[in-house]
Amino acid sequence: MAKFSGKIFNVFLCLMLVFGIWMRSTTGEPVLAASVEADRVHVINRLSFGSSPGDLQHVQAVGIDDYIQEQLSPRRDSLELKQYPTLLLTPMQLERQYGFRRPGKGKPKLSSQERKQRRRRSRIPFREASEARLVRAISSPNQLEEVMVNFWFNHFNVSAKKGRTRLWVGVYEQEAIRPYVFGSFRDLLGATAQHPAMLFYLDNWQNTAPNSPGARGRFKGLNENYARELLELHTMGVKGGYSQTDVVSAAKVLTGWGLPRGRQRLHAKQAFVFDARRHDNSRKTFLGQPIQGQGIAEGEALLDILATHPATAQHISYKLAQYFVADTPPPALVDRLAQRFLATDGNIRSVLETLFESEEFNDPQYYGQKFKTPYEYLIAMARATGRPTVKPRLVAGALRQFSMPLYECQTPNGYANTESAWLNPDTTIRRISLATAFARGYGRQKTPVQLDPLEQTLGNRFSAQTQSVIDGSPRNLRAALMLGSPEMMYR
Amino acid sequence: MRRRQFLQYATASGVTAMGLGWLGKQPVYSQSSSGRQPKLIVILLRGAVDGLNVVVPYREAGYYDARPTLAISKPGEGKGAALNLDGQFGLHPALADLMPLWQSKQLAFVQACGSPDPTRSHFDAQDYMELGTPGNKKQGDGWLNRVLAHLPAGRPTQALNLGNQTPLILSGSKSVANLAFGRQAIRPLPLDRPPIQSAFDRLYEGDTNLGRAYQEGLEAREILKAELNTEMMKASRGAPGPSSLKTNGRRIAQLLSGNAETQIAFVSLGGWDTHVNQGSTQGRLARLLKPLGQGLNQLKAELGNTFDDTTIVVMSEFGRTVAENGNGGTDHGHGNVLWVLGGQVQGGKVYGEWPGLAESQRYQGRDLAITTDFRAAIAPLLTKGMGIESKHLNQVFPGYSSQKALPLI
C-alpha cells in the first residue's frame with residue numbers, strides 16, 4: 001500500500017468502500033467492512049422483488065430492522081379486488097358460471113357461435129388471476145407477502161394445464177395460500193389439502209377404497225398421487241424416512257376426500273366433499289403409529305402428524321433457507337430454523353424472523369448470489385423502472401417465452417429457484433434483449449426510461465467493472481446496461 | 001441436482017477414459033477421424049396420432065368391426081386403399097410420399113409401441129415421454145438433454161429446438177438453441193446492433209457462469225444467423241401445424257449439415273387429437289398426415305449426404321381407441337406406432353410383437369396393447385446410432401432396464 005501516493009490511495013479507498021462487496025464476493029476474502037448501502041440493497045433484494053423508486057430511501061429512513069418488521073406484518077391488501085370479480089367467487093360458483101361443459105345427452109347441441117362464446121368466457125378467471133398476481137407482485141407495498149405467496153404457491157403447486165384447475169388457480173391462491181403465508185404451517189397444509197384445485201390436480205378426488213359401497217366407474221380404486229406428493233413434496237421430503245407402505249396408508253386415510261359429483265355440482269356450496277361411502281374405514285398404521293378408522297377425522301390426524309414432524313421442519317427450513325440465503329444453504333442455519341419451526345408448532349412468521357436475524361442471512365458472502373428466476377427478473381425490472389403502465393399481459397407473455405408460464409408449472413414440485421435451473425445461454429441473450437427493449441420504452445408512446453431516477457432506485461449495486469462500462473457508454477444506452485447488467489440478474 | 005453434478009464431474013474428469021472406451025467400441029462413428037457426425041431428429045406429434053390408421057393392421061377383422069366409418073380399406077381394394085407394407089400392415093394413403101423410403105429400406109415402424117404408464121392424459125403422457133421416466137415426474141431434465149451429456153462437447157448449436165420455448169425433452173443442464181418458427185426465425189434483436197452488443201460484451205467478458213452463458217448464447221445466435229442468412233432472403237412463409245415441417249425442413253437440414261454442426265434437433269407438431277370427424281382416407285387426419293409425409297421426404301432430400309448419418313424418430317404420447325366413437329373420431333388410447341427413418345436404419349420392416357385387436361387382446365378391453373416400451377425402440381438409436389455406450393443408457397433412461405433391443409439400426 002505504501003507505494004500508492006496519498007491521492008490515488010484515497011480514490012482507491014473510495015472505490016473499495018463503494019464496491020467492497022463485489023470485490024469480496026469475487027476474491028472470497030473480506031476487504032473492508034460492508035457498505036451500509038450494500039446491506040440495504042441486500043435486504044430489499046431478498047424481502048421484495050427488487051427495489052422500486054423510493055425503497056432505498058425508505059429503508060434508510062426507518063432502518064433495516066423496522067423494514068423487516070414492516071414486511072412481516074403486511075398492511076391490508078392494496079389491490080382493488082373489485083376489478084377482478086372472479087377472484088371473489090367460490091370454486092363452485094366459478095365452475096357453474098365459467099366452466100366450459102358440453103350439454104348433456106338429449107340436450108340441444110351448441111352452435112359454433114355459442115361454443116366460441118362459452119370458451120371465451122371460460123378464459124376470464126385465469127386471465128384475471130394472472131393479472132391480479134402480477135399487479136400485486138409489481139406494485140404491492142407488502143412485498144414480502146408477495147414473495148411468500150410465490151414461494152408457497154410453488155411449494156403447494158397446482159397447474160392450470162390440468163383440466164378444471166385452470167378455473168381455480170386464482171381462487172386457490174386467494175383462499176388456500178394468501179391467508180396463511182405468515183401463519184401456521186398446519187393451517188396452510190389443511191387449506192391446500194381440502195382445496196378443489198389440489199384435490200383435482202393431484203387426483204385425490206378419485207381416491208376410493210376398493211370395494212367400498214361408493215366405488216364405481218372411475219372411482220374404483222386407491223389413487224396414491226396426492227398422498228405421495230403430500231409426504232414427498234409438501235411435508236417430510238423425499239428423504240424424510242417414510243416407506244411405500246406409509247404412502248399407501250396415507251392414501252387410504254385420504255379416501256373419500258373429494259369434490260361434488262353429478263347433480264351435486266349444480267347446487268353444492270362447498271367444493272370440498274367427504275364421501276364416507278368411498279372411505280376406507282379399516283385400521284391403518286402410519287409411521288409406526290396406529291390410526292383408527294374414523295372417517296374424515298383420520299385425515300386431519302394425518303395432517304397433524306405431518307405438520308409437526310421433525311422431517312417436515314427440516315424440509316421446510318431447507319427450502320426457506322435455499323430461497324432466502326443460498327442455493328446450497330448453510331446446514332447450521334437450516335437446523336436452527338427447523339428447531340424454531342418445531343418450538344413454535346410451525347409458525348412461519350417466527351421461522352422467518354429467525355432467518356432474517358441470522359448471521360448467515362446477513363453475511364455479505366451471500367449478497368447478490370441468488371440467480372433470479374425469470375419471474376423475479378421481470379418483476380424486478382418492472383419495479384425498478386416504476387412504470388405504472390407495465391401491462392400484465394406483456395409480462396405474462398414474456399414469462400411464457402422464458403419457459404416459466406405463470407400458474408402453468410406442470411410438475412407438482414413447482415418451479416425451482418436455483419441458478420442451475422435457470423441460467424443458460426439462450427435465456428441470457430433474451431434477458432438482455434428484453435432489458436434493452438424495456439429501457440427504450442415500448443408500445444405506442446415510446447418513452448425511454450429516465451436515467452437519474454433509475455440510478456437512485458437501484459443504488460450502489462454495481463461492480464467496478466459494470467460501473468465503468470456504464471459510465472463509458474453513451475447516455476442513451478446506460479439504462480439498458482443497468483437493467484441488463486449481471487448484477488440485475490442476481491438478487 | 002446431485003446427478004447433474006456427478007455428470008459434470010464425470011465429463012470433466014473422465015474425458016480421456018471415456019473417450020478411449022468410445023473409440024474402441026463405437027460401431028459406426030469414431031469421434032476423431034471420420035469427420036462424420038451422427039445426428040438425431042425427434043419429432044413429437046402432440047395430441048396422440050391415431051397409429052392404427054397410420055400403419056393399418058388390415059388382416060385384423062377386429063379393426064374393420066370396430067371402425068365402420070374410419071377404417072382404411074385393404075390394399076388393392078379400390079381408390080384410397082392402404083398401401084401394402086409387408087403383407088400384414090398397410091400405410092395410410094396420405095403418406096404415399098414415404099413409400100420410396102420404405103422401398104429403399106430406410107423407413108421402419110414399431111407397432112404396438114409406447115409408454116407403459118396407464119395415463120390417458122395428454123399432459124401427463126407427454127411429460128413422461130419427454131422425461132423418459134414413465135410414471136415419475138421428479139426427473140428434473142428431459143432425456144434428449146441427457147443424451148447431450150454423453151456426446152462429445154460441440155458448438156452451442158449442437159442441440160436445436162424448433163420453437164420459442166425449450167421443451168421438457170430438451171431442458172436440463174446442457175445448453176440448447178431455440179429457433180423460432182417461420183419468418184420469426186431470426187428476428188432482429190436489439191443486441192444485434194453493434195454499439196449495444198459491444199457494450200454488453202464488455203459487461204459480460206468475465207469468466208463467470210453468467211459471462212460464459214452470454215458468450216455461448218451470442219455464439220449460437222451468430223451461427224444460426226450465418227447459416228440461415230441466405231435462406232432468409234428467400235422469405236419463407238410461416239405456416240403452423242404439420243406443414244411447418246415442410247417450411248422449416250430446409251432450415252433444420254441446413255443446420256444439421258452445415259457449420260452449425262447440429263446433432264440433435266427436436267420438433268413438435270400439433271393437431272392430432274382427433275375426437276371428432278377424424279375421417280378415413282380423406283378428412284382431418286389425412287390432411288395432417290399428407291404434409292407430414294411430404295415434409296419428411298423433403299427433409300431427407302435437403303439433408304443430402306447427411307441423411308446417411310441421420311436418424312429421425314416420429315412418436316406420439318399414446319395411441320387412440322381401437323373403436324371409433326359416436327362423433328366420427330377416436331378417443332385417448334394406449335399403444336401406438338413409432339416411426340424410424342434414416343440412412344442407417346434397417347427399414348422396410350414393421351417391428352414389434354403384434355398383440356391383436358380382439359377384445360380380450362386389448363389393453364383394458366379397449367386399446368391397442370403395448371408390446372414394446374418406447375425406450376426399447378430408442379435405445380438402439382442412441383447406442384448404435386449416436387455412439388453412446390450401452391452402460392450409459394441407464395443415465396439417459398434412469399430406472400429402465402432394457403428389454404431386448406430391436407435391431408432397428
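User: What makes the contact between the side chains of Arg430(A) and Asp426(A) a salt bridge?
Analyst: Quick heads-up: this is a predicted model. Here an N of one side chain and an O of the other lie 3.0 Å apart. The cut-off is within 4 Å, so the pair counts as a salt bridge.

User: Why are Arg430(A) and Asp426(A) about one helical turn apart?
Analyst: Because they sit 4 residues apart in helix H22 of chain A, which covers residues 425-440. Both Arg430(A) and Asp426(A) are buried, too.

User: Why is Glu224(A) called partly exposed?
Analyst: Its relative accessibility is 24%. Buried would need under 20% and exposed over 50%, so Glu224(A) lands in between. Arg228(A), at 28%, is partly exposed by that reasoning as well. These two residues form a salt bridge, with their closest N and O atoms 2.7 Å apart.

User: How do you know that Arg375(B) is buried?
Analyst: Arg375(B) has 7% relative accessibility, and that is under 20%, so it's buried. Asp373(B) also comes in at 7%, so it gets the label buried too. Arg375(B) and Asp373(B) form a salt bridge, the closest N and O atoms being 2.8 Å apart.

User: What makes Arg133(A), Glu146(A), Glu173(A) and Arg178(A) one network?
Analyst: They're joined by salt bridges that share partners.

User: How many salt bridges does the structure hold over all chains?
Analyst: Counting over all chains, you get 38.

Methods. Residues are numbered from 1 along each chain as its sequence is written. Chains are lettered from A and ligands numbered from 1 in the order in which they are written. This is a predicted model: local features need pLDDT of at least 70, side-chain atom pairs count only at pLDDT 80 or more; totals for chains, interfaces and linings use all residues. Side-chain values use heavy atoms; hydrogens and water are left out. Buried means under 20% relative accessible area, exposed over 50%, partly exposed in between (1.4 Å probe, protein chains only). Helices (H or I, at least four residues) and strands (E, at least two) are DSSP runs, numbered from the N terminus.
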